[in-house]
Amino acid sequence: MRRRLLGLVAAAGLLTAMALVPASPAMAAPTFKVPFKCGQSWSGQTRTNHSPPYSIDFNRTDDLGDPVVASAPGTVDRVTDLGGTSYGKYVRIAHSGGYHTYYAHLNGFNVSVGQSVGYGTVIGYVGSTGGSTGPHLHYEQRLNGSDIQIRFNGALALYWGTKTYTSDNGCSSSTGNGTVNTSGTALTVRSGPGTGYTAVGTVADGTRVTIQCQTTGTSVTGTYGTSNIWDRIGSGRYIADAYVYTGYDGFIPNVPRC
């Protein structure tokens with residue numbers, strides 16, 4: 001009886017010791033970014049009948065052949081062409097902590113298996129291969145093989161619906177500066193690069209602005225002639241470059257293109 005009691009006590013002690021051993025902390029997820037070039041805005045759609053359900057389909061106008069970039073540092077472990085079925089041409093990247101990202105329906109590849117990639121590395125090009133019915137990027141994040149809800153910069157993607165995502169992937173520290181010159185009137189700020197976009201505010205004459213990136217849009221005649229260049233001065237905030245003194249006739253060197 002005493003031997004049995006001692007055995008039970010020893011077993012209880014072992015269980016207690018096991019309970020007191022702290023669990024190994026889970027590795028933090030990589031900081032994933034939108035899988036497109038710095039400053040670009042893309043429409044991302046999630047839907048409950050998607051396969052797998054947490055994936056995102058990305059689109060924008062005339063996106064066939066647009067570069068797709070790695071959403072976090074890692075190692076390419078698959079560059080595969082499934083032909084006219086499923087993902088078609090796709091790339092998979094292995095990240096730290098058991099995470100993977102998938103980039104499917106590509107038009108072509110720009111990496112090979114075993115290659116190390118970082119933020120902003122072009123891994124392929126938007127296409128419509130496999131089971132796709134039109135050009136787009138099918139994007140997934142997985143943990144230990146399981147589909148997970150996608151996060152960009154730690155923020156959860158929209159489930160369910162469509163949202164515009166603006167990329168800060170691979171952005172350098174290079175920004176531009178300019179001074180608004182409208183001869184007194186306030187300059188309208190638009191939600192996109194053109195006069196047809198919604199007005200979202202104004203900038204006073206003489207204001208010094210930081211230009212995050214530049215793109216082309218509606219041609220505008222302003223203080224500095226006619227130009228189709230638009231300057232992004234914030235998320236969803238664009239002003240016509242024709243009214244901004246930057247010191248350059250055209251695009252500012254080293255400032256990213258949106």
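Predicted model: local features only at pLDDT ≥ 70, side-chain atom pairs only at ≥ 80, totals over all residues.
If we leave aside residues up to four places away in sequence, Tyr-139 touches Phe-32, Lys-33 and Pro-35, then Ser-55, Ile-56 and Phe-58, then Ser-71, then Thr-101, Tyr-102 and Tyr-103, and finally Ile-150 and Phe-152. As for Ile-150, which is eleven residues from Tyr-139 along the chain, the C-alpha atoms of the two are separated by 9.1 Å.

From that residue, let me step back to the whole protein. The secondary structure comes to one helix and 22 strands, and of the 258 residues, 41% count as buried. Among contacts between residues at least 6 apart in sequence, 60% join residues at least 24 apart. The protein exposes about 13000 Å², of which carbon and sulfur atoms supply 52%.

Which residues have the most contacts inside the largest nonpolar core? They are Phe-58 and Ile-123, in a core of 26 residues, and at least two residues of this core come from each of strand 2, strand 5 (89-94), strand 6 (99-104), strand 9 (122-126) and strand 10 (137-143). Ile-123, again not counting residues up to four places away in sequence, touches a set of residues that includes Val-68, Val-69, Ala-70, Val-91, Ile-93, Tyr-103, Leu-106 and Phe-109. Another core lies apart from the largest one; it has eleven residues, among them Val-180, Val-189, Ile-211 and Ile-239.

The largest pocket holds about 400 Å³ of space, and of the 18 residues that line it, the closest to its centre are Ser-41, Arg-60, Pro-193, Tyr-197 and Tyr-238. Strand 14 (161-166) and strand 19 (213-222) each supply at least two residues of that lining, which by class has four nonpolar, twelve polar and two charged residues.

The second largest pocket holds about 270 Å³ of space, and it is lined by 18 residues, of which Arg-47, His-50, Asp-57, His-105 and His-136 are the closest to its centre. Strand 1 (41-46) and strand 2 (56-59) are the elements that give two or more residues to this lining, and its residues divide into two nonpolar, 14 polar and two charged.

I would finish with the backbone. Most residues other than glycine have a negative phi, and most peptide bonds are trans. Another joins Tyr-159 and Trp-160, with omega about 5°, and Trp-160 lies in the loop between strand 13 (155-156) and strand 14.

His-105 sits in the loop between strand 6 and strand 7 (106-109), and at 7% relative accessibility it counts as buried. Asn-153, also a residue other than glycine, has a positive phi near 55° and is placed in the loop between strand 12 (151-152) and strand 13. Asn-153, at 41% relative accessibility, counts as partly exposed.

Conventions. Residues numbered from 1 in each chain as written. Heavy atoms only, no water. Helix = DSSP H or I, 4+ residues; strand = E, 2+ residues; numbered from the N terminus. Buried < 20%, exposed > 50% of the residue type's maximum accessible area, 1.4 Å probe, protein only. Contact = heavy atoms within 4.5 Å. Areas by Shrake-Rupley, 256 points an atom, 1.4 Å probe, with all protein chains shown as cover. 1 Å grid on protein atoms, 1.4 Å probe; cavity = no way out; pocket = protein on both sides within 12 Å on 5 of 7 lines; lining within 4 Å. Points joined across faces, edges and corners; volume = space filled by probe spheres on them. Nonpolar A, V, L, I, M, F, W, Y, C, P; charged D, E, K, R; others polar. Core = buried A, V, L, I, M, F, W, Y, C linked by side-chain atoms within 4.5 Å.
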